[in-house]
Amino acid sequence: MNIKELIRRALEAQKMAYVPYSRFRVGAALLTEDNHIYSGCNIEIASYSPTICAERTAIFKAVSEGHRKIKAIAIVGDSNFTFPCGVCRQVIREFGKDANIIIANSLDDYKVFTLDEILPYSFGPEDLNKNKE
Ligand code: THU
C-alpha cells in the first residue's frame, strides 16, 4: 500500500471542501480491496444537519460504484491530526473493519491506527445475526 499516495489524494480532495460555515477543511482518500482510490471532501449545507464529512463522501462514492471493501483510508484536516468523527468511524466499520486509518498532517507527518483502536467494542453487520445462545 502506498501511504503517501493516499495522503496526496486526501490533500487534493481537501482543496475541494465546501465549508462556508465552519471554514474547516477536511479531505479523505481510501484504497479499496481491488486497489481503486476514491477521495472526498466535507460539504456543508446552510441548514447544517445535511452536512457530510470527507470520509463519508469518499466511502459513499466508492460503495455507490460497487467497491464495498476498504483496505485503508487517509484523512487530512485543518487541525493537528484530524480524527474521524464518531459517525464516520461507524461507517468505516461497515466497509473497512480491518482498514488502516491514516491520520495525516502532511506527506511526512502521519500516524496509522487500526479501526479497532479508534472504535473498540464496535457494533457491526455480524452482530445483527448473533443471538445470545
Ligand atoms: N468533518 C469531517 O469532514 N471529518 C471529520 O473527521 C471531522 C469533521 C467536517 C464536518 C464539518 O464540515 C467540519 O468538519 C467541522 O465539523
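Helices (H or I, at least four residues) and strands (E, at least two) are taken here as DSSP runs, numbered from the N terminus. The structure is a predicted model, in which local features need pLDDT of at least 70 and side-chain atom pairs count only at pLDDT 80 or more, while totals for chains, interfaces and linings use all residues. Residues are numbered from 1 along each chain as its sequence is written, and side-chain values use heavy atoms, with hydrogens and water left out.

The protein chain holds four helices and five strands, arranged along the sequence in the pattern α-β-β-α-β-α-β-β-α. The radius of gyration, taken over C-alpha atoms, is 15 Å, close to the 14 Å that the globule rule (2.2 Å times the number of residues to the power 0.38) gives for 133 residues, so the chain is as compact as a globular protein of that length. Along its principal axes, the C-alpha trace spans about 50 × 35 × 30 Å. Of the 133 residues, 43% are buried, where buried means under 20% relative accessible area, exposed over 50%, and partly exposed in between (1.4 Å probe, protein chains only). Contact means heavy atoms within 4.5 Å; among contacts between residues at least 6 apart in sequence, 62% join residues at least 24 apart.

The interior comes next. In soluble globular proteins, nonpolar side chains tend to be buried together. A nonpolar core is defined as a set of buried Ala, Val, Leu, Ile, Met, Phe, Trp, Tyr and Cys residues joined through side-chain atoms within 4.5 Å. The largest such core has 22 residues, and those with the most contacts inside it are Leu30, Ile59, Ile73, Ile75 and Ile101. At least two residues of this core come from each of strand S1 (26-32), helix H2 (54-64), strand S3 (70-77), helix H3 (86-95), strand S4 (100-104) and helix H4 (115-118). Helix H2 gives the largest share, four residues. Apart from this core lies another, of 11 residues, including Ile3, Ala29, Val76 and Ala104.

At 40% relative accessibility, Phe60 counts as partly exposed. Beyond its neighbours within four places in sequence, Phe60 is in contact with Ile52 and Val91. The C-alpha atoms of Phe60 and Ser39, 21 residues apart along the chain, are separated by 9.8 Å.
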